[in-house]
Amino acid sequence: MRRIASDQLSFALQKGLPPVCILTGSDPLLLIEAEDMLCQYASEQGFDEKYRQTIENTTDWDSILERVQSMGLFFQRQIIYLQLPENLNAAIQNQLQVLIEHLNEDCLLILHLPKFNKNVEKQKWVVALEKFAPQSWLVNCQTPTLEALPQWISIRARQLELAFDQESIQLLCYNYEGNLLALKQVLSLLSLLYPASKITLPRVQQVIEQSAVFSVYQWVDALLSGDALRAKQILSALQQDDTQPVILLRSLQREIMMLLQITQPYSTFNMDMPLDLSGARARFDELRIWQNRRNLLLQAAKRFTYRRIFEIIQELAVLERAVKQDFNQNVWQELTLLSYHFCQPN
């Protein structure tokens, strides 16, 4: 079975369709694009019918098998798309094996399996797949890691005839990590505004700021820069979007931990002294913090003493406990108050 990255699927299709294609991963954008690409190419090859089924314990497998065996009665060629559960029980594995053994050249089978690991590879239906359809593909539709995201953006940029400087890519990664759908929309907007152009940091900042959808990262940035009014505005938008409060808390905790790493004093200190910035530059490099993040972190560090930063950490802990245990309905008011405290000079 051939393993293919999602961004290589279009090139692979130029050499023809596989008999079976397994889409593994759970990224909404990559799954949509992979399915659309496969179906479009299959349509050009005469596949004029598509059948889609979510597999459950109560699924009627006989009807699926009947469709495979009834090719040519009502249509020429057929795509069968099966949405599989993450954990395949023995019954589903057996039915998949039977289905694979009855496939024919007029059927393209697309399987979406959220996770494909070594345990799955050993299952009998996969062994049968290697025997009856060895030309099958396994397409990775997992969301790129933060380390891999810059390359993903660069590939998309070339497709749109755009060129980004490094700081612009870093800002996009920071704001849209884990949200490729939103990232694609921003890239498309930049392409419309600046066709075939060099995309600089101010252009990216402007598009992000004008976006109708605020992100958790923009709230954190407002806090770091000390802009309480903007932080409140973003909080209101996030509340309307039903953002989970714990996501905001964890994001701010991560930034505070980074602040403490950057300002760890080299010698004895007391709790009421300002955060120590003497070793900040070296620690920025050690932690590989992006350039466009450094000024924001420095702005925040200059407002705090060690005592104040630990008080903020305690506030976060109390808030998180309230969210998880007490289902506190006033959490958004308390987040607004926390934002105000974070933005105030010591």
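**Loops, helices and a domain interface**

Mentor: This is a predicted model. Start with Glu161, which sits in the loop between helix H7 (149-159) and strand E7 (163-164).

Trainee: Is Glu161 buried or exposed?

Mentor: Look at the relative accessible area of Glu161, which is 58%. The cut-off for exposed is over 50%. Glu161 therefore counts as exposed.

Trainee: What is the phi of Glu161?

Mentor: Glu161 is not a glycine.

Trainee: Where does Ala196 lie, and is it buried or exposed?

Mentor: Ala196 is in the loop between helix H9 (180-193) and strand E8 (198-199). Its phi is positive, about 50°, although Ala196 is not a glycine. Its relative accessibility is 56%. With the cut-off at over 50%, Ala196 is therefore exposed.

Trainee: What should helix H2 span, and what are its end C-alpha atoms apart?

Mentor: H2 covers residues 28-44, so count 17 residues. At 1.5 Å a residue, the helix should span 24 Å. Its end C-alpha atoms agree, being 24 Å apart.

Trainee: Which residue caps the N-terminal end of H2?

Mentor: Look for a side-chain oxygen by the backbone nitrogen of Leu29. One lies 3.1 Å from that nitrogen. The oxygen belongs to Asp27.

Trainee: Which residue with a positive phi follows H2?

Mentor: Go past the end of H2. The phi there is near 95°. The residue is Gly46.

Trainee: How many residues of domain 1 are in contact with domain 2?

Mentor: The domain assignment gives domain 1 as 2-140 and domain 2 as 148-211. Their C-alpha centres lie 33 Å apart. On the domain 2 side, six residues take part in the contact. On the domain 1 side, the number is six.

Trainee: What area do domain 1 and domain 2 bury between them?

Mentor: Interface size is often given as the accessible area lost when the parts come together. Here 63% of that area is on carbon and sulfur atoms. The total is about 580 Å².

Trainee: Which three residues supply 67% of the area that domain 1 buries there?

Mentor: No other three residues of domain 1 supply more. Two of them, Leu29 and Glu33, are among the buried residues of H2. The three are Asp7, Leu29 and Glu33.

Trainee: Which residue forms a salt bridge with Glu33?

Mentor: The rule finds two salt bridges across this interface. For Glu33, the closest N and O atoms are 2.5 Å apart. That is within the 4 Å cut-off. The partner is Arg156.

Conventions. Residues are numbered from 1 along each chain as its sequence is written. This is a predicted model: local features need pLDDT of at least 70, side-chain atom pairs count only at pLDDT 80 or more; totals for chains, interfaces and linings use all residues. Side-chain values use heavy atoms; hydrogens and water are left out. Domain bounds come from an automatic or database domain assignment. Contact means heavy atoms within 4.5 Å. Buried area is the accessible area (1.4 Å probe) that two parts lose on being put together, summed over both. A salt bridge is a side-chain nitrogen of Lys or Arg within 4 Å of a carboxyl oxygen of Asp or Glu. Helices (H or I, at least four residues) and strands (E, at least two) are DSSP runs, numbered from the N terminus. The expected span of a helix is 1.5 Å times one less than its number of residues. Buried means under 20% relative accessible area, exposed over 50%, partly exposed in between (1.4 Å probe, protein chains only). A polar contact is a pair of N or O atoms within 3.5 Å; within protein, one must be able to donate a hydrogen and the other to accept it, and residues adjacent in sequence count only if both atoms are side-chain atoms.
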